[in-house]
Amino acid sequence: MANPLRREVRQLYKNLLYLGREYPQGADYFRERLNCAFMKNKDVTDPKEIRKLVDCGEVVIKELGTLYYLREYRTMKKRFYEEELLGLLNIGRPID
């Protein structure tokens with residue numbers, strides 16, 4: 001593997017490993033799947049094929065970012081509407 005591509009592949013692995021810490025099914029599950037995916041393609045030597053695989057990995061990074069953003073959005077929405085609903089029902093407020 002050419003040196004610049006090797007660096008890109010290692011950086012992609014590190015980025016995915018870092019993002020996998022917050023994966024909904026657990027970091028260990030994500031790490032196992034990530035390791036299997038990289039080991040499956042360890043014998044690829046064609047630079048064009050490596051570039052194609054790295055690009056696929058970049059798409060996965062974007063998808064993970066979207067997944068985490070949606071999870072955060074849902075949590076914020078739930079908190080907001082829960083407080084609004086409690087306010088409408090006068091639950092949790094002292095009665096004057």
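Colleague: Let's start simple: how many helices and strands are there in the protein?

Modeller: Helices here are DSSP runs of H or I with at least four residues, strands are runs of E with at least two, and both are numbered from the N terminus. In this case there are three helices and zero strands. Read along the sequence, the pattern is α-α-α. Before we go on, this is a predicted model, where local features need pLDDT of at least 70, side-chain atom pairs count only at pLDDT 80 or more, and totals for chains, interfaces and linings use all residues. Residues are numbered from 1 along each chain as its sequence is written, and side-chain values use heavy atoms, with hydrogens and water left out.

Colleague: Okay. What share of the residues of the protein count as buried?

Modeller: Buried means under 20% relative accessible area, exposed means over 50%, and partly exposed is in between (1.4 Å probe, protein chains only). Of the 96 residues, 15% count as buried. As for the accessible surface, worked out by the Shrake-Rupley method with a 1.4 Å probe and, for residues, with only the protein chains shown as cover, the protein comes to about 8,300 Å². Carbon and sulfur atoms own 55% of that surface.

Colleague: Which residues make up the largest nonpolar core?

Modeller: The general idea is that in soluble globular proteins, nonpolar side chains tend to be buried together. A nonpolar core is a set of buried Ala, Val, Leu, Ile, Met, Phe, Trp, Tyr and Cys residues joined through side-chain atoms within 4.5 Å. Here the largest one has seven residues: Leu12, Leu16, Phe30, Leu34, Ile61, Leu64 and Tyr68. H3 gives the most, with three residues.

Colleague: Let me zoom in on one of those. What is leucine 34 in contact with, leaving aside its neighbours within four places in sequence?

Modeller: Contact means heavy atoms within 4.5 Å. With those neighbours set aside, leucine 34 is in contact with Tyr13, Leu16 and Leu17. Across the protein, take the contacts between residues at least 6 apart in sequence: 64% of them join residues at least 24 apart.

Colleague: Now the charges. How many salt bridges does the count come to?

Modeller: Side chains of opposite charge can pair when their charged atoms come close. A salt bridge is a side-chain nitrogen of Lys or Arg within 4 Å of a carboxyl oxygen of Asp or Glu. By this rule the count comes to three. Arginine 51 bridges to glutamate 8, with the closest N and O atoms 2.8 Å apart. Arginine 51 is in helix H3 and glutamate 8 in helix H1, so the pair ties together parts 43 residues apart in sequence.

Colleague: Where do glutamate 22 and arginine 71 lie?

Modeller: Glutamate 22 is in the loop between H1 and H2, and arginine 71 is in helix H3, 49 residues apart. Their side chains meet in a salt bridge at 3.2 Å, N to O. Aspartate 28 and arginine 31 form another, at 2.9 Å between the closest N and O atoms. Those two both lie in helix H2, three residues apart, about one turn of the helix.
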